[in-house]
Every structure is written in C-alpha cells, then in structure tokens.
Amino acid sequence: MKVKVNNSYSEWFKTKTAVTQGDPLSTLLFSVVLDSEITHLEVRGNITTRLKQMCVYADDIIIIGRTKQILIDTFCKLKHEALNAELIVNNNKVKYLYCTRKIFQPTYLNTGIEQFKQVNSFKYLGSMVNTDNSIEEEIKERIAAGNRAYHVHKKLFTSKLISRNVKLQLYNTLICPIATYASETWVLKENMINKQIIFERRIMRKIFGPTRRDDGYWRIKTNQEINKILKGQNIIRFIKKQRLNWLGHVERMAEDNNVQKIKTWKSMSKRPIGRPKTCWEDDFWKI
C-alpha cells in the first residue's frame with residue numbers, strides 16, 4: 001500500500017489491520033463494493049417496461065419484481081455477487097411482501113435453498129411499507145413514536161421552571177418532526193387528519209395546562225382555545241408546508257431524475273373496479 005500526499009507517494013508498506021467498523025473509510029469502501037456488485041445485475045428498461053427494480057440505501061436493499069420467479073432469480077444473483085465480494089446476506093432480516101388488493105393468507109417464499117416469511121408490512125428507512133399501499137399504518141406508527149418522544153421529555157413539558165413558549169419550541173423541535181417523518185409523501189384522509197390533531201391537542205393541553213373557571217374550579221382547554229393559542233399553525237398545517245417544500249424541490253429537479261420521472265409517469269394499465277384512491281398530486285392541490 002502507498003499513501004499519496006500533495007501528489008507525492010510514500011514508500012510501499014504492508015497493512016496488518018483491517019478497516020474497523022467505526023472507521024469513516026469503512027462506509028465508503030462498503031458503498032463502492034456494493035455498488036459495483038449491484039451493477040452486475042443488469043437492471044435495465046424504464047419504469048414501465050422494467051421487470052425488476054431495486055431501491056438501495058447503504059445495506060438496506062429492496063428488490064421489486066413483477067413475478068415471483070423474477071424476484072427469486074434476482075435475489076439469488078444478488079447473493080452470488082455479494083459472495084464474490086465476501087458480503088453475506090442476513091437471512092433473518094429478509095422479508096417477502098406481495099402487493100395486492102386481494103385478501104390472502106401469508107405464506108413463504110421458497111428460493112430452493114431458503115424460505116423467507118411473507119409479511120403484510122415492514123419498515124424501510126423509517127417508513128412502513130404494506131401490501132395495499134395504505135398510509136394509515138404509517139401514521140399510527142408515527143403518532144406512537146411521537147408519544148414515546150413526549151414521554152421521554154415529559155419532565156421538560158411539565159416543569160414549572162420552563163416557560164410555555166420554550167415548551168412550544170421544544171415540541172416543534174423534538175416531537176413534531178418525529179410525528180411527521182416522511183409526511184411529504186402522505187395522502188391524508190379525514191380520519192387520519194383527526195388522529196393527528198387529537199395527538200397534538202393532547203400534548204398542547206399538557207403544555208398550557210387547564211383554565212380556571214369563574215367559580216374557582218379548573219377545566220381543560222377547549223379545541224377552540226387550543227386553536228387560538230396555536231394561531232392556526234397546527235400539525236396539519238406543518239405537513240402541508242412540508243409537502244409544498246417537497247413539491248418545489250421536485251419541480252427543480254432535472255427531467256432525467258428518477259423522482260421527476262415517477263412524478264410525470266402515467267400507468268399503461270387500467271385502474272381496478274371501485275372508487276380510485278386519491279393520488280398525491282390530487283391531494284396536494286386541496287391545500
């Protein structure tokens with residue numbers, strides 16, 4: 001091995017210690033090696049004609065196939081290419097998901113060597129992916145994560161030494177981003193909007209406390225009082241602002257960008273019978 005410094009090379013020397021896990025160089029080397037192996041899979045075609053697609057972020061890989069056999073063949077080839085670079089697939093973390101509107105009983109995906117459990121949903125990069133592409137499970141997961149974040153910092157929100165304005169800033173910094181993670185891609189229904197507003201009002205009542213009545217008794221603040229305190233800047237308003245920022249970011253992308261292609265892509269197949277689901281762009285213009 002040689003070291004290059006200011007266009008000058010050192011003398012050759014031997015290395016006896018491999019790259020450690022905490023070394024910044026290890027992530028770079030891993031990404032370079034994995035990218036090299038993935039290019040051998042020959043994922044060609046456009047979003048309409050391509051039989052297989054891959055979503056890769058670090059070591060989190062999703063293989064999307066139009067048929068079960070294509071999925072199995074791509075996985076086996078990926079595993080073989082990874083072994084060439086001495087990378088091993090963790091079979092305990094591999095899940096199989098079948099996207100359909102039909103009701104089915106989960107089975108297993110058999111590759112001939114291993115069997116992988118079929119699931120109805122799994123988490124990828126912090127977001128829930130499920131069989132029917134419903135966002136309700138994701139929102140429930142986000143609200144639960146927001147509740148956990150609140151209870152972790154409960155002492156701050158119930159402390160009498162901290163002003164209400166500071167508590168509101170803590171909420172906007174520590175809890176709201178967790179409860180609205182990846183909300184830029186959400187398509188909201190009325191029941192989902194109500195669940196998020198209820199979640200926020202519950203925390204706001206903890207922050208601002210009860211109201212004293214004329215007879216000396218205390219009562220919790222009404223929804224109208226909470227809205228007046230927030231001046232209309234509630235969690236739904238924050239989500240719509242995030243979606244607007246994301247739309248502007250997408251519109252500024254180049255035409256050959258994958259995100260821009262997906263936004264302008266039109267399916268060649270027909271929609272199934274029944275009321276069609278609201279598209280993201282259609283829901284966006286309701287703002």
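Reader: What is the relative accessible area of Lys263, and does that place the residue among the buried, the exposed or the partly exposed?
Author: This model is a predicted one, and every value given here is computed from it. A residue counts as buried under 20% relative accessible area and as exposed over 50%, with partly exposed in between. Lys263 falls in that middle class, and so it is partly exposed, with a relative accessible area of 25%.

Reader: With which residue does the side chain of Lys263 meet in a salt bridge?
Author: A salt bridge requires a side-chain nitrogen of Lys or Arg within 4 Å of a carboxyl oxygen of Asp or Glu. The distance from N to O is 3.0 Å in this pair, whose members lie twelve residues apart, with Lys263 in helix α9 (residues 258–264) and the partner in helix α8 (residues 235–251). The partner is itself partly exposed, at 45% relative accessibility, and its name is Glu251.

Reader: How far apart are the closest N and O atoms in the salt bridge between Arg219 and Glu225?
Author: Arg219 is partly exposed, with a relative accessible area of 29%, and Glu225 also counts as partly exposed, at 23%. The closest N and O atoms of Arg219 and Glu225 are separated by 2.8 Å.

Reader: How many salt bridges does a search of the whole structure find?
Author: The pairs described above are among those found by the search. When the whole structure is searched, the number of salt bridges comes to seven.

Reader: Is Thr180 buried or exposed?
Author: Thr180 sits in the loop between α5 (164–179) and α6 (190–208). Leaving aside residues up to four places away in sequence, Thr180 touches Trp186, Ile235, Phe238 and Ile239. Its relative accessible area is 5%, which is under the limit of 20%, and therefore Thr180 is buried.

Reader: What is the phi of Asn7, a residue that is not a glycine?
Author: Most residues other than glycine have a negative phi, and this is the background against which to read the value. Asn7 lies in the loop between β1 (4–5) and β2 (8–9), where it is exposed with a relative accessible area of 67%. Its phi is positive, at about 65 degrees.

Reader: Where is the place of Glu86, between which two elements?
Author: Glu86 is a residue other than glycine with a positive phi, near 60 degrees. At 72% relative accessibility, Glu86 counts as exposed. Its place is in the loop between α2 (68–84) and β5 (96–97).

Reader: What radius of gyration does the protein chain have, beside that of a compact globule of 287 residues?
Author: The secondary structure of the chain comes to ten helices and eleven strands, and its C-alpha trace spans about 85 × 60 × 40 Å along the principal axes. A compact globule of 287 residues would have a radius of gyration near 19 Å. The value for the protein chain is 25 Å.

Reader: What share of the 287 residues in the protein chain do buried residues make up?
Author: The chain exposes about 20800 Å², and carbon and sulfur atoms supply 55% of that area. Counting the residues that are under 20% relative accessible area, the buried share of the protein chain is 27%.

How values were computed:
Residues numbered from 1 in each chain as written. Predicted model: local features only at pLDDT ≥ 70, side-chain atom pairs only at ≥ 80, totals over all residues. Heavy atoms only, no water. Buried < 20%, exposed > 50% of the residue type's maximum accessible area, 1.4 Å probe, protein only. Helix = DSSP H or I, 4+ residues; strand = E, 2+ residues; numbered from the N terminus. Rg over C-alpha atoms; globule rule 2.2 N^0.38 Å. Areas by Shrake-Rupley, 256 points an atom, 1.4 Å probe, with all protein chains shown as cover. Contact = heavy atoms within 4.5 Å.
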